[in-house]
2 protein chains.
Amino acid sequence: MHICSELHFIPMADVIHELVNGQQRNDLSTQDRGLSYGHGVFETVKVVAGEPILIDEHLQRLISSCQRLKIPTDNLLQQLIADLDYLPYVDLGVVKIIVTAGVGGRGYQLPDDPRPSRIVQLFPFPHFPDNPSQQGIQARWCDIQLSSVPTLAGIKHLNRLEQVLARAEWSDPHIREGILLGSDQFIAEGTMSNIFIVKDNTLKTPDLSRYGVEGIMRNHIIKLAKQSDLSVSVLPLTKNDLLDADEVFFCNSLIEIWPLRKIAQQSFEVGAVTRSLQKALMAESYHRC
Amino acid sequence: MHICSELHFIPMADVIHELVNGQQRNDLSTQDRGLSYGHGVFETVKVVAGEPILIDEHLQRLISSCQRLKIPTDNLLQQLIADLDYLPYVDLGVVKIIVTAGVGGRGYQLPDDPRPSRIVQLFPFPHFPDNPSQQGIQARWCDIQLSSVPTLAGIKHLNRLEQVLARAEWSDPHIREGILLGSDQFIAEGTMSNIFIVKDNTLKTPDLSRYGVEGIMRNHIIKLAKQSDLSVSVLPLTKNDLLDADEVFFCNSLIEIWPLRKIAQQSFEVGAVTRSLQKALMAESYHRC
């Protein structure tokens, strides 16, 4: 397996454009509940030819996640759409949207009249000089296990210390992703991605009713697979299921699909199902441009 | 049992004084990892006659919590002590200290040279018009259960969605605290406090090796109890242990000790052990003034 020797950590360039509650700024009150308690949600959206990809799905997840976290959503969708209208054109970029419960006093109780904070940031698209979509990546098993919190499962919320600590477990730049198990020993997700395995031409991905983020790209890949008559199962998956798989890949809205080539001592080939899903995503991109 | 009919939620007055990284301001970068991931810790300190109470213990916990979360602590203690030196005198107040991993790009990986952010805020002390220290309080059992995350257990970190959702379970102003069980069904803590029970003159408090915040007041009460030859046990406690107790109380650095008077259908008296611990805390306060 060829592994690129370049460092994969590319420091983020400065934000290209930012709106906070509809105004051009880059700061937030120190009393915002997003900071105090992580009381908020976020979305990370790929922008191609000026268009935020799968934006309806991202905004829909954001709104329903806010509702689960008791963050009021009156006018929120319209406000976010207006914020997104102000984005300058870029060929390729990343939009990050954060919505929090807004400024509140000390104490966990929601203020009587919570007013959400909105942050919309446009970043340059990260460089991946080692072409992981084509070459595939090396991954590792993380030591830390994701706790089971059904109330929060699936939500892309701002309480991400488990992911931070998981990502801090390794510094080897050749390892591009870590796989997290849940405390029930089933596979949950990657630190920044969802996981699929392929076995006997069936696509399988972990059930996320107890932990994890229900990724927009994960759901989109499930949809694409069904459209191409590929059988898809959402179910608990063990470490052995993965090690015994024909193909394994990671996905999120930015990386789309990164095939797994190596984990611990085991190697994988990039298989036909993975390649066909990558092609299907690529075809959608062409239609957009 | 007398229950005050006044609303107990007193909206916080504006912050009296605030330093962010040693400068007078009240905002933080929207790219701070405290906001993005809850990658930080906080302390809430009572101020009496200009003196932050148990400040050495608070700062020591903050530093060791930062270390557990991979937040660099070089010079942090000296910087925080310098920040605290700028606090204006108040007879009674609350200092909130937040330390985060600082500004970082998108992505969970720590920046190569993380520079922590420090926030030191002085608030007015909250009013408790129904005198819960003397009168005792009514509490409830929360539905949400705390997940077991040994890596994060004990730390007062900024990932507090479980507490936010627990506190959102009730709006009845007569109920002043909710008790959280862990996912293992043992008692963990209150939404904003630690819990002690007294049974046959022994003080007992939950083991917090799997969840919860190891409160400064909790540890101080354990120390006070030992000094007065009261036997103390830290151990797993069940709901039945609490219901079967002679006395129950909640504690934190601000409320100090609030006796439990009623939970669901069961009533408790405020007993001699609770009162003697309150007196011991009061005596320390007098020595300070």
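**Starting where the strands meet**

Select β2(A) together with strand β2 of chain B, residues 27–29: the two strands run antiparallel and are joined by three bridges. For one of the pairings, click on Asp27(A), whose bridge partner in β2(B) is Ser29(B). Keep in mind that this is a predicted model.

Now widen the selection to the whole interface. Here 48 residues of chain A are in contact with 48 residues of chain B. To color the side of chain A that touches chain B, pick β1 (17–20), β2 (27–29), α1 (33–37), β5 (92–100), β6 (117–124) and α5 (161–167), each of which supplies at least two residues. Which element gives the largest share? That's α5(A), with six residues. Switch to coloring by residue type, and this side of chain A splits into 22 nonpolar, 18 polar and eight charged residues.

Last stop: color by confidence. Chain A has an average pLDDT of 93, and 94% of the residues score at least 70. Then select residues 1–12 of chain A, where the pLDDT is below 50; this stretch still has 22 contacts in the model beyond near neighbours in sequence. For the complex, the predictor gives an ipTM of 0.93 and a pTM of 0.93.

Notes. Residues are numbered from 1 along each chain as its sequence is written. Chains are lettered from A and ligands numbered from 1 in the order in which they are written. This is a predicted model: local features need pLDDT of at least 70, side-chain atom pairs count only at pLDDT 80 or more; totals for chains, interfaces and linings use all residues. Two residues are in contact if their C-beta atoms, placed from the backbone, lie within 7 Å. Helices (H or I, at least four residues) and strands (E, at least two) are DSSP runs, numbered from the N terminus. Ala, Val, Leu, Ile, Met, Phe, Trp, Tyr, Cys and Pro count as nonpolar, Asp, Glu, Lys and Arg as charged, and the others, Gly among them, as polar. Two strands pair if DSSP finds at least two bridges between them. pLDDT is the predictor's confidence in each residue, from 0 to 100.
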